[in-house]
Amino acid sequence: MVVAIDGPAGSGKSTIAKRAAEALGFHYLDTGAMYRAIAVQARAQGVALDNAAALRAIAETDPIEFGYTDGDVLPSRVFIAGTEVTDAIRTPEIDVAVSPVSALREVREALVAQQRMLAEGAADEGIGYVVEGRDIGTVVFPDAAVKVFLTASAEERARRRAAQNLERGLEVDYEATLADIVRRDEYDSQRELSPLRPADDALIVDSTIMTIEYVTNLIVEQVEQVRSA
């Protein structure tokens, strides 16, 4: 079974997806981390973010891997071409760089193929997957058993992102963070390829005033309903 969780930047997708995966005993796949890893590699190699051919070459030849602690369903480390980028993918610079990288058809095709292979391999072993991103329920796994579109107000998402950066010891500028959230919303929703939008059959959850526990329970309930149908 695949649980698809989509939503805009800062909506809490990663946190909720991780909590749901733990509650359900499913594996967790952060597709955004894969696109961020490509952006990190591009910057390290001096590749322009609009160089589709070079970025596709990275996506096809530099394998992205996740490191797990034994017995844990959540990956704790991210690697590309054998180099750890766990912290590098979460910097403000990559927050800006990831949108143009993820908008390229060449990159998306390469990574979507990888994402489907990961989930299919898990399914063959009888393992469920919670997958989060921006087009999981519409493009990557349109037949997912459960689809959720998670959102919140831009102001609340900026507050959450600023708090995350503060926890990481990064410099925090709320107004700049809010401006970046608004910019990414516009960019992601208006891009030609796989624009950000809820699937027609997705459960839309506005988490602005909801707790993490409440949203997680909503998703677990959706899965249980499908299982008992």
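Predicted model: local features only at pLDDT ≥ 70, side-chain atom pairs only at ≥ 80, totals over all residues.
Strand 1, residues 2–6, and strand 7, residues 146–151, run parallel and are joined over four bridges. Now zoom out to the whole sheet. In what order do the five strands lie? The order is 2-6-1-7-8, the sheet is open, and the pairing is parallel. As a quick reminder, sheet strands pair through backbone hydrogen bonds, in either a parallel or an antiparallel way.

Which strands stand at the edges? Those are strand 2 (27–30) and strand 8; each has a single partner strand, so one side of each has no neighbour in the sheet. From one strand to the next, the twist averages 20°.

Next, the helices that go with this sheet. Helix 2 lies across strand 2 and strand 6 (129–133), and its direction is at about 40° to strand 2. Helix 9 packs on the sheet too, where it touches strand 1, strand 7 and strand 8, and it makes about 165° with the direction of strand 7.

Is Ser 207 buried or exposed? Its relative accessible area is 4%, so Ser 207 counts as buried. Beyond its neighbours within four places in sequence, Ser 207 contacts Ser 11, Leu 150, Thr 151, Ala 152, Arg 160 and Val 215.

On to the nonpolar cores. The largest one has 39 residues, and Ile 38, Leu 55, Ile 64, Leu 111 and Phe 141 have the most contacts inside it. Helix 2, residues 31–45, gives the most to this core: eight residues. Apart from this core there is another one of 20 residues, including Leu 150 and Val 223. Back to Phe 141 for a moment: leaving out residues up to four places away in sequence, its contacts include Val 2, Val 131 and Ile 136 as well as Lys 147.

Last stop, a helix pair. The axes of helix 4 (residues 92–102) and helix 8 (residues 174–190) come within 10 Å and cross at roughly 5°, so the two helices are roughly parallel. Among the residues making the contact are Val 96 and Pro 100 of helix 4, and Arg 183 and Tyr 187 of helix 8. By class, this contact has four nonpolar, one polar and five charged residues.

Thanks, and I'm happy to take questions!

Conventions: Residues numbered from 1 in each chain as written. Heavy atoms only, no water. Buried < 20%, exposed > 50% of the residue type's maximum accessible area, 1.4 Å probe, protein only. Contact = heavy atoms within 4.5 Å. Core = buried A, V, L, I, M, F, W, Y, C linked by side-chain atoms within 4.5 Å. Pairing = 2+ DSSP bridges. Axes fitted to C-alpha atoms, helices over the stretch in contact; angles between N-to-C directions. Parallel < 35°, antiparallel > 145°, perpendicular 65-115°, else oblique. Nonpolar A, V, L, I, M, F, W, Y, C, P; charged D, E, K, R; others polar.
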